[in-house]
Amino acid sequence: MNATGAASIVGILDRLILVLMLAVFAAVLTAAMVMQYALGEIPCPLCLLQRVAMFGCCFGLIVQLRSDDSERGTGIALIFAVLLLVISVRQTLLDLFPRPGHEYIGSAVLGIHLPVWSVIIAVALLFGFAIRLALFGGTRNGVDTERGPLRSIAHLLGIYVIAICAINFLSVIAQCGLDQCHTSGYRLLQ
Amino acid sequence: MMTAVFASLLLAFILDFAGLRRLAISCLFVSFVLCVGFFLWEVYSPDYGFRMPWLQL
């Protein structure tokens, strides 16, 4: 195998990791929406901010998937991963040691509460980017992945993420209006 | 304020999809700043500040 072929395989694997990360985030955000609409678990403000951080990670991944000569998307995703970690750790501490009268309400998935899942996801994303950079290094020039199926999958995932972001935006308007967000119900529907 | 956070976030996605990368990242930055500000406002307590004094080791 010559150098060009090896570089192409590395480029494809790199893209595959990014697509998988984006798919995982899309699945997590979809699951959160299913829990909200199907199970009636209205998100608290910190939960909504964690969703914002996850969407920010998705934005970084989408930018990185479209770029061959820059790691800006990686940087954006890492910034939002750190934000997700900070918010979710704070909420996890509130879950473990609640202020009297403010116990955590919400169900668990596989025995783990959702803020803790957010911590796991944030750490996993940080590790994922670290491993990706360690294995594949930085940017590559001239790697032709433009016509591959990964590009189509990434494009469709990007559109899906935008769609669920729009749904979340409308849901926040219904829940909060222009005021504080409460978990007791949807403000505009009351 | 949460509406503003999601509005700027959605606008960032739409602008990026439309090919306006710099404008999209600017909107994303606005969303990030609003998110951080709202988080600090949400966890702040007039009695305890940002601390959690009931958390005893």
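This is a predicted model: local features need pLDDT of at least 70, side-chain atom pairs count only at pLDDT 80 or more; totals for chains, interfaces and linings use all residues.
Which residues in helix 3 of chain A are buried?

**View 1. Helix 3 of chain A and its buried residues.** In this helix, the buried residues are A:Thr74, A:Ile76, A:Ala77, A:Phe80, A:Ala81, A:Leu83, A:Leu84, A:Ile87, A:Ser88, A:Gln91 and A:Leu94. They pack against helix 2 and helix 4 (114-136) of chain A, and also against helix 2 (21-43) of chain B. If you like a quick geometry check, here is one: at 1.5 Å a residue, the 25 residues of helix 3 of chain A should span 36 Å, and its end C-alpha atoms are 36 Å apart, which agrees.

**View 2. The surroundings of A:Cys57.** Leaving aside residues up to four places away in sequence, A:Cys57 touches A:Phe25, A:Ala77, A:Phe80, A:Ala81, A:Leu84 and A:Leu125. Have a look at A:Ala77, A:Phe80, A:Ala81 and A:Leu84 here, as they are among the buried residues of helix 3 from the previous view.

**View 3. The largest nonpolar core.** This core holds 57 residues, and A:Cys57 and A:Cys58 are those with the most contacts inside it. Two or more residues come from each of helix 1 (3-37), helix 2, helix 3, helix 4 and helix 5 of chain A, and likewise from helix 1 (2-17) and helix 2 of chain B. Helix 2 of chain A gives the largest share, 15 residues.

**View 4. Where chain A meets chain B.** Here 26 residues of chain A are in contact with 23 residues of chain B. On the chain A side, helix 2 (45-65), helix 3 (72-96) and helix 5 (149-176) each supply at least two residues. Helix 2 gives the most, with ten residues. Sorted by class, this side of chain A has 22 nonpolar, two polar and two charged residues.

**View 5. Chain B on its own.** Chain B has two helices and zero strands. Its radius of gyration is 16 Å, well over the 10 Å that the globule rule gives for 57 residues, so chain B is more spread out than a compact globule. Along its principal axes, the C-alpha trace of chain B spans about 50 × 20 × 10 Å. Of its 57 residues, 32% count as buried.

**View 6. Chain A as a whole, for orientation.** Chain A has five helices and two strands, and from the N terminus on its elements run α-α-α-β-β-α-α. Of its 190 residues, 33% are buried. Among contacts in chain A between residues at least 6 apart in sequence, 72% join residues at least 24 apart.

Definitions and conventions
Residues are numbered from 1 along each chain as its sequence is written. Chains are lettered from A and ligands numbered from 1 in the order in which they are written. Two residues are in contact if their C-beta atoms, placed from the backbone, lie within 7 Å. Helices (H or I, at least four residues) and strands (E, at least two) are DSSP runs, numbered from the N terminus. Ala, Val, Leu, Ile, Met, Phe, Trp, Tyr, Cys and Pro count as nonpolar, Asp, Glu, Lys and Arg as charged, and the others, Gly among them, as polar. The radius of gyration is taken over C-alpha atoms; the globule rule is 2.2 Å times the number of residues to the power 0.38. A residue is buried if 20 or more other C-beta atoms lie within 10 Å of its own, exposed if 12 or fewer, and partly exposed in between; C-beta atoms are placed from the backbone. The expected span of a helix is 1.5 Å times one less than its number of residues. A nonpolar core is a set of buried Ala, Val, Leu, Ile, Met, Phe, Trp, Tyr and Cys residues joined through C-beta atoms within 7 Å.
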